[in-house]
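Please read them with the sequence and coordinates open beside you.

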Amino acid sequence: MSTPVSDILVLVAREVVTDAEELLAVVLADIAEALPDLAADARMRELLAATVRDTILAAVTVFSTGASLTMVRTPEASLELARRLAQRNVPIAAMLRAYRLGQARVQQELITRIAARKASADEVAEAAKDLSSSAFGFVDLVAEEVVAAYQAERDDWMRQRNAARLAKINSVLAARSGELGDAETALGYELARAGHLAAVFWCEVDGASRLTALERRMPRLAAAVGAVRSPLVIAPDAATLWVWFPVGTQVGASPNAVTAAVTEELAAVPEVYGAFGDPAPGVDGFRHSHQQARQAQVLAHAADPRARLRVTVPALLGPVALLALEPGSAAGWVWSALGELAVDDDAHARMRDTLWAYLSSGSSLATAAAELHLHKNTIQYRVRKAEEARGRPLADGRLDVEVALLACRLLGSTVLRPPSAGGGTP
């Protein structure tokens with residue numbers, strides 16, 4: 001379908017095609033003044049000039065012939081300029097603004113020429129209407145292709161940039177030889193003198209979009225953990241973020257404070273989990289804190305989803321962190337340490353919770369009762385029933401009992417025994 005154009009529009013458009021140099025110079029000057037980022041260096045100025053020339057000539061050719069917009073091909077210079085802007089992280093809005101500036105100047109020139117012709121008011125109005133329709137249709141079509149080229153280049157460039165940064169980080173983590181200064185320059189992050197609090201965030205459902213949302217909240221997360229500068233963020237895959245928060249050379253926020261603050265922030269991004277290391281200084285701290293965060297992630301990921309914490313820190317893991325290489329291997333040991341107390345049902349869960357509160361309070365019935373909002377006699381009764389379920393006194397391997405209970409709290413059914421038929425309710 002051809003673009004409707006009046007006879008007058010055809011005539012003035014042909015004039016512009018053969019006498020365009022002055023108009024091209026004016027449009028280029030308007031854009032360069034309003035949008036300096038588009039002409040930041042010699043190569044960009046060349047691309048901008050070619051874009052202005054080729055786009056205007058393509059547009060007025062449509063106006064002068066009534067050619068179908070489906071036949072329009074976006075000039076290669078325009079696509080290359082869009083790609084360069086993507087590489088330089090210049091928003092595509094700048095280029096779209098340039099199209100509107102160019103459109104306004106070209107329409108003004110054509111309207112002026114139309115008005116100068118001896119024509120009736122109806123003919124002028126028809127020419128102006130056709131010009132507006134054709135101009136907006138042309139710019140919309142070209143802008144759509146330019147945005148697509150920009151986004152494709154941006155995505156590719158970000159993947160390459162992320163891959164290069166990830167390779168540099170992996171080199172630092174593996175302690176491979178290389179200039180530390182080069183790594184700091186490439187990453188834009190101070191490694192040697194800073195303290196580091198490493199974190200791993202992950203999502204198993206719609207990971208890319210949720211982690212993008214999390215990245216937007218990264219400044220708030222950095223403030224929540226007491227970071228002194230912007231964190232280092234890298235995506236090793238589409239569902240995971242590795243983060244290092246610079247916390248100075250001193251220890252940052254306490255584990256409880258980190259857990260509470262980060263849990264609050266993650267509430268805004270459902271189905272995203274976090275695991276942290278302890279803050280530590282220097283390059284060794286950069287590595288060690290990350291290793292701890294990865295271990296915490298392994299354990300959190302292995303946990304029964306019903307028991308999984310939104311945020312896991314080393315202080316919560318205790319000796320269970322030793323199971324990080326193969327969490328499932330702990331099940332047999334937990335069963336041996338707890339006996340029937342390891343059965344995965346509500347009755348034994350209540351006994352485990354009570355026994356944990358009792359042992360972690362230093363075997364204080366009063367403290368455990370206050371924590372669980374129960375009477376001391378109830379605590380005493382449940383502790384006794386827990387000993388019976390275990391099959392031997394708590395004093396027999398008490399440390400094993402505490403570690404096994406901690407594993408149950410962190411991993412849930414991953415280390416518990418499937419319930420058998422029957423069972424009472426203590």
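1. The model is predicted, with local features requiring pLDDT of at least 70 and side-chain atom pairs counting only at pLDDT 80 or more, while totals for chains, interfaces and linings use all residues. Residues are numbered from 1 along each chain as its sequence is written, and side-chain values use heavy atoms, with hydrogens and water left out.

2. Helices (H or I, at least four residues) and strands (E, at least two) are DSSP runs numbered from the N terminus. The axes of helix α4 (residues 76-87) and helix α6 (residues 121-173) come within 8 Å and cross at roughly 40°, where axes are lines fitted to C-alpha atoms, for helices over the stretch in contact, and angles run from 0 to 180 degrees between N-to-C directions. The two helices are therefore oblique to each other, given that angles under 35 degrees count as roughly parallel, over 145 as roughly antiparallel, 65 to 115 as roughly perpendicular and the rest as oblique. The crossing of α4 and α6 is right-handed, that is, the near helix is turned clockwise from the far one by less than a right angle.

3. On the α4 side of this contact (heavy atoms within 4.5 Å) are Ser78, Leu79, Ala82, Arg83, Leu85, Ala86 and Gln87, which meet Glu145, Val146, Ala149, Tyr150, Glu153, Arg154 and Trp157 in α6. These residues divide into eight nonpolar, two polar and four charged, with Ala, Val, Leu, Ile, Met, Phe, Trp, Tyr, Cys and Pro taken as nonpolar, Asp, Glu, Lys and Arg as charged, and the others, Gly among them, as polar.

4. Helix α3 (residues 42-65) also crosses α6, at roughly 135° and with the axes coming within 10 Å; α3 and α6 are therefore oblique to each other, and their crossing is right-handed. The contact is made by Thr55, Ala58, Ala59, Val62 and Phe63 of α3 and Leu131, Ser134, Ala135 and Phe138 of α6, a set that divides into seven nonpolar, two polar and no charged residues.

5. Helix α14 (residues 346-360) has 15 residues and reaches 21 Å from its first C-alpha to its last, close to the 21 Å expected at 1.5 Å a residue, the expected span being 1.5 Å times one less than the number of residues. Its buried residues (under 20% relative accessible area, against over 50% for exposed and in between for partly exposed, with a 1.4 Å probe and protein chains only) include Ala347, Met351, Leu355 and Tyr358. The buried residues of α14 pack against α13 (330-338), α15 (365-372), α16 (376-390) and α17 (398-411).

6. Leu197 lies in strand β1 (residues 195-203) and counts as buried at 4% relative accessibility. Although Leu197 and Phe245 are 48 residues apart in sequence, their C-alpha atoms are 5.0 Å apart in space. Leaving aside residues up to four places away in sequence, Leu197 touches Val225, Val243, Trp244, Phe245 and Phe276, among others.
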